[in-house]
Amino acid sequence: MQPFDAQPKPLGDGSGDDDTGGSAGLTAPAATEGHEGDEQLLAALLDGMEAGLCAFDRTGVITHWNAEATRILGWTADDAVGRRGFAGWAARSPDAAEAEERLLGAMDSAGRQVHEFALLTKDGRRVLVRTQSAAVQGTDGRPAGVYCAFSEVHVQIDLERSIALSEALFTDASWGVVLIDADLRPAVVNAKASRLLQTGREEVLGRPLGDLLTQGVEELENALQHVLAEGAPPATTDLWLALSADQESRRRCWRSGFVRLGSPLGEEPVPLGVGWLFIDITRQKATETDGAQVRFRYQQLHRADRAAAECGTALEAAALQLDFALAGFADHALLDLADDAGRLIRIAATPTGEPGPCELTPGAADSGIPVGYPLAHPALQALERIGTVRTSFGPPTGAESAAEARVDEWAAARRWPPGTVHGLVAVLRSRGRTVGALTFLRGSGRRLFDRPDAAYAEDVAARVAMALDLAGLAGER
């Protein structure tokens with residue numbers, strides 16, 4: 001090796017007789033054209049190092065000093081090469097003695113030695129550097145000197161922190177982390193992400209996102225393309241996705257953050273991909289949705305109570321209760337009154353075509369004509385059990401037209417409007433007596449009734465039952 005701004009010094013044993021002891025050191029090669037080209041290449045490579053580099057011979061005389069060492073300390077190769085150790089110029093005397101002892105001690109040690117020293121810059125500032133030193137072997141196999149690569153401690157610590165952060169993200173992070181390349185394919189996946197994706201870490205690599213997700217692929221790819229083009233968004237976003245590995249195709253909500261990855265080695269930032277960090281918040285979202293739904297429903301009940309108090313008759317109040325209950329809950333409502341024989345008579349219903357208010361059937365209670373419900377009808381089951389009954393049409397099979405025909409046939413058999421897929425019947429009870437049945441119906445565009453729906457329907461039924469009982473006492477029916 002040779003310095004970049006000064007003539008090289010041999011890494012010898014420090015004796016004045018170069019014909020004996022100097023032959024064991026590292027000497028400059030003969031001045032041939034090929035060797036000069038090698039030296040220039042070596043000088044260019046060392047000059048481009050991101051760490052400061054200096055070399056010592058056996059006696060501690062500096063023989064090499066690169067450009068990064070000049071940048072860190074301010075001392076040039078002309079200032080450094082030929083000096084013995086750092087004392088009196090690049091380090092304080094107490095610091096220099098310790099540094100020289102440790103550096104030259106690397107010649108008698110195997111492998112690299114890591115130390116931290118306090119050095120002086122040319123303008124007198126004290127700089128803490130971290131060094132890696134190792135022995136340089138001569139042609140005879142004996143140590144001919146030592147080289148030392150060094151950088152400022154805070155720079156090294158920043159690098160170590162970055163490496164430690166990367167390793168922590170891909171081992172112990174509580175968030176899923178996936179590195180997506182510029183082709184929108186996973187390149188690195190941590191353990192948490194593989195568990196959330198329900199697949200192995202190696203199985204995910206290089207596969208299109210469409211192979212991993214059945215829903216939400218477009219939204220995710222749009223977000224990734226935006227990050228590649230414009231940079232990371234200012235806040236996290238919630239994505240609803242469904243996994244290919246999930247046979248039930250349940251939708252999950254993943255709170256996602258994105259970071260654009262650029263190469264620090266290019267003159268201009270070149271996107272290498274996107275870091276996708278996410279966590280499953282499906283349960284939290286479901287809780288928030290359920291809470292909002294409960295608040296809305298019971299606000300509706302409160303508004304219905306206040307509006308019903310202004311109605312002229314108890315039957316009008318019962319129909320008004322159903323109008324408020326239908327909002328966001330069901331498509332249709334049927335109100336059946338029980339006569340003395342326990343038969344059900346239709347007294348109010350919503351229109352079977354376009355959505356509309358629940359309308360009372362004039363004179364229906366006086367006619368005494370019961371609804372022709374077949375045996376085992378959900379309304380009759382509710383009366384028999386004195387409890388709520390839920391029912392749904394099974395999953396359709398075959399062609400779409402055939403499935404629609406089966407749905408309409410299923411609804412017609414139960415005396416329900418065409419297109420009905422889900423039904424819920426709540427029994428009407430007041431003063432220990434059954435006064436009727438209340439039916440809520442949903443079409444194919446809605447989910448089936450669940451337990452919270454049944455609880456809400458029972459609250460509505462209690463209010464409607466009191467209104468019907470009051471109508472009987474008032475002689476309205």
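Me: How many residues lie between E3 and E4 in the hairpin that they form?

Reply: A few ground rules to start: this is a predicted model, where local features need pLDDT of at least 70, side-chain atom pairs count only at pLDDT 80 or more, and totals for chains, interfaces and linings use all residues. Residues are numbered from 1 along each chain as its sequence is written, and side-chain values use heavy atoms, leaving out hydrogens and water. Helices (H or I, at least four residues) and strands (E, at least two) are DSSP runs, numbered from the N terminus. In the turn of this hairpin, Gly124 has a positive phi of about 95°, and the number of residues between E3 and E4 is five.

Me: How many helices and strands does the secondary structure of the protein come to?

Reply: Stepping back to the whole protein, there are 477 residues, of which 41% count as buried (under 20% relative accessible area; exposed is over 50% and partly exposed in between, with a 1.4 Å probe and protein chains only). Its secondary structure comes to 15 helices and 17 strands.

Me: Which strands stand at the edges of the open sheet?

Reply: The sheet has six strands in the order E14-E13-E12-E17-E16-E15, with antiparallel pairing. Each edge strand has a single partner strand, so one side of each is left without a neighbour in the sheet. The two in question are E14 and E15.

Me: What is the bridge partner of Val389 in E16?

Reply: E15 and E16 pair in the antiparallel sense, and four bridges link them. Within E16, the residue bridged to Val389 is Val425.

Me: At about what angle does H15 run to E16?

Reply: H15 lies across several strands of the sheet, among them E12, E13 and E17. For such angles, axes are lines fitted to C-alpha atoms, for helices over the stretch in contact, and angles run from 0 to 180 degrees between N-to-C directions. Between H15 and E16 the angle is about 45°.

Me: With which side chain does the side chain of Thr350 make a polar contact?

Reply: Thr350 lies in the loop between E13 and E14, and at 6% relative accessibility Thr350 counts as buried. A polar contact is a pair of N or O atoms within 3.5 Å; within protein, one must be able to donate a hydrogen and the other to accept it, and residues adjacent in sequence count only if both atoms are side-chain atoms. At 3.2 Å, the partner of Thr350 is His332.

Me: Is Thr439 buried or exposed?

Reply: Thr439 is found in strand E17. Contact means heavy atoms within 4.5 Å, and beyond four places in sequence Thr439 is in contact with residues including His332, Trp416 and Val425. Its relative accessibility is 0%, so Thr439 counts as buried.

Me: Which backbone nitrogen does the side chain of Asp57 reach?

Reply: Asp57 is found in strand E1 and is buried, with a relative accessible area of 7%. The C-alpha atoms of Asp57 and Val136 are separated by 8.9 Å, although these residues are 79 apart along the chain. At 2.9 Å, the side chain of Asp57 reaches the backbone nitrogen of Val61.

Conventions
Pairing = 2+ DSSP bridges.
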